[in-house]
Amino acid sequence: MAKECSNSSCSKESCEGCPSKAGQGKPDFHIDLNADSSIKHVIGVVSGKGGVGKSMVTASLANQKAKEGYKVGILDADITGPSIPKMYGLKGPANVDDKGVYPAVAANGVKVMSINLLLPGEEEPVIWRGPVIAGTVKQFWTDVIWGDLDYLFVDMPPGTGDVPLTVFQSLPVDGVVIVSSPQDLVRMIVMKAYKMAQMMSVPVLGIVENYSYLVCPDCGRKLSIFGESHIDEIAAEIGVPVLGKMPIHPEFAELVDEGRFAEVDNTDIAKINI
């Protein structure tokens, strides 16, 4: 058991490496990025529950930043439910050499790494325990040759389990975008993700509300399919901005099925400033 620090027992040697030492409030679990990569900003896309469209929002943010001229990548951290490669029409196997693994590149230049690019087939299930899944996410940081990126978006699995914890502790996350939808559970969805980010000392850049409304193709009226939005009140309560309200786009679903999401120019999300 570690010796308790006290005035009588402290010395330069005994205190070396002690977390209580000045400037060391918490141990640093960050892991080293691949030596052939340089990433300026890491942004996590999170939610307190599944089914709110995190992957859609992640890809939309990536497309937007790519259109603005930035070099962008997506780390698909949803190991047991990966969907990013399908959206961009990307298939494995990923290229590998002595230096590491190379991400696939979408039609608009967005680089993607996902477990589906390493499996024998995209429909193969991943039946792994938590530590193995967490280790895979770390390898997507240490073993993947991302090259030079301005933004790396991390598409998280739902909830606040092993993978979000691993990402927050192991990667230098600049901030997170919380994804929600307009339903009675919205407060719980947002607050779970917000409180985890607070506990991990990760800034919340803002909230995106997905499935906000459907525009009637005949009259142009906005229809609130999932109920009226309350995201503005919740965002004001916790002091974070609403980055955008994404309507239901039936044509987006078609592009996803066809692997053509790189063509999407989604102006429903505001610019992220970090």
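Two strands pair if DSSP finds at least two bridges between them; strands (E, at least two residues) and helices (H or I, at least four) are DSSP runs, numbered from the N terminus. This is a predicted model, in which local features need pLDDT of at least 70 and side-chain atom pairs count only at pLDDT 80 or more, while totals for chains, interfaces and linings use all residues. Residues are numbered from 1 along each chain as its sequence is written, and side-chain values use heavy atoms, with hydrogens and water left out.

Q: What is the strand order of the open sheet of eight strands?
A: The order is S3-S4-S2-S5-S1-S6-S7-S10, and the pairing is mixed.

Q: Why do strand S3 and strand S10 stand at the edges?
A: S3 (104–105) and S10 (242–245) each have a single partner strand, so one side of each has no neighbour in the sheet.

Q: What makes S3 and strand S4 a pair?
A: Two bridges join S3 to S4 (residues 111–113), and the definition asks for at least two. The two strands run antiparallel. Val-105 has Lys-111 as its bridge partner in S4.

Q: Which strands of the sheet does helix H2 touch?
A: H2 packs on S1, S2, S5, S6 and S7, contact being heavy atoms within 4.5 Å. The direction of H2 makes about 165° with that of S5; axes are lines fitted to C-alpha atoms, for helices over the stretch in contact, and angles run from 0 to 180 degrees between N-to-C directions.

Q: How many salt bridges does the buried Lys-54 have?
A: Lys-54 has none, and Asp-155, the nearest side chain of opposite charge, is 5.8 Å away. A salt bridge needs a side-chain nitrogen of Lys or Arg within 4 Å of a carboxyl oxygen of Asp or Glu; Lys and Arg count as positive, Asp and Glu as negative, and His and the chain ends are not counted.

Q: Why is Gly-130 called partly exposed?
A: Gly-130, in helix H4 (residues 130–142), counts as partly exposed because its relative accessibility is 22%.

How values were computed. Buried means under 20% relative accessible area, exposed over 50%, partly exposed in between (1.4 Å probe, protein chains only).
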